[in-house]
Amino acid sequence: MHYAVISDVHSNLEALNVVMRDIKVRRKIDDILFLGDAVGYGPDPNECVKALKDNCMVLLAGNHDWAVLGLTDIDYFNDEARAAILWTKEALTEDNSRAIETFSIVRVIEKDSIFVVHATPKEPRAWHYLLTLYDAEVNFRYFDQRICITGHTHYPSVIERLPSGELVAYSKDVKFGKDRRYIINAGSVGQPRDKDPRACYAIVDDEGVEFIRVEYNVRKTQKKMHEAGLPLLLIKRLEYGM
């Protein structure tokens, strides 16, 4: 297996473009898994939905995608996120809204024993966050595959379950071990929150998982957001990766 895994693009076309170029041109990877939140926060929802639809073999929906469709209550979101969702609903074309409607909530890649989901295997439509080893312990019970890959938190990470049952957390590349299971978070392309503003994605292959960071034109994205009248907090946080 040899997958590029991207998540949480959030309408950030500049970040998505450089990530796609890194995946397809530099690394020659054809199989791309998208784990949800194509839209929300950023200024280019239509262009991002189209690019994802054209390039990804798996397309999942995230909470922002469902909020734009009216499938998740926007009261679930903070004020800035809610304002961006309302703006996105107006900006999104009918064709791209219909495209998002076709995105799955979970997918299983049987041949590689991979379970993919935006938030968590447990109650994937409830948009829980998987942040702690306790969260991981609970969620390992809700998929049977060797590997689960998620997004949603915007933090790249790996949690490894040893044959003994012990859980070990990593925030770096990991080599897969025999008789071990994994929960991998691919981080965020469009709005990283681990204090590194560079776009983040993951490569998952037979050997392990590698996190890739790619610089993009943050200022260009911020300028577009200003022009669209999106909330200042969402604009500023991009340059700090928070």
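Two strands pair if DSSP finds at least two bridges between them; strands (E, at least two residues) and helices (H or I, at least four) are DSSP runs numbered from the N terminus. The model is predicted, so local features need pLDDT of at least 70 and side-chain atom pairs pLDDT 80 or more, while totals for chains, interfaces and linings use all residues. Residues are numbered from 1 along each chain as its sequence is written, and side-chain values use heavy atoms, without hydrogens and water.

Six strands form an open sheet with mixed pairing, in the order β4-β5-β6-β10-β7-β8. The edges are β4 (106–109) and β8 (167–170), each with a single partner strand, so one side of each has no neighbour in the sheet. Within the sheet, β5 (residues 114–117) runs parallel to β6 (residues 147–150), joined by 3 bridges. Ile114 has Ile147 as its bridge partner in β6.

Helices α7 (residues 218–228) and α8 (residues 232–240) have axes that come within 9 Å and cross at roughly 180°; axes are lines fitted to C-alpha atoms, for helices over the stretch in contact, and angles run from 0 to 180 degrees between N-to-C directions. The two helices are therefore roughly antiparallel (over 145 degrees).

Pockets are open sets of points on a 1 Å grid over the protein atoms alone, where a 1.4 Å probe fits, with protein on both sides within 12 Å along at least five of seven lines; lining residues have an atom within 4 Å of a point. A volume is the space filled by probe spheres set on the points, joined across faces, edges and corners.

| Pocket | Volume |
|---|---|
| Largest pocket | about 200 Å³ |
| Second largest pocket | about 170 Å³ |

Of the 15 residues lining the largest pocket, Leu130, Leu131, Thr132, Ser157 and Ile159 lie nearest its centre.

Key
Angles under 35 degrees count as roughly parallel, over 145 as roughly antiparallel, 65 to 115 as roughly perpendicular and the rest as oblique.
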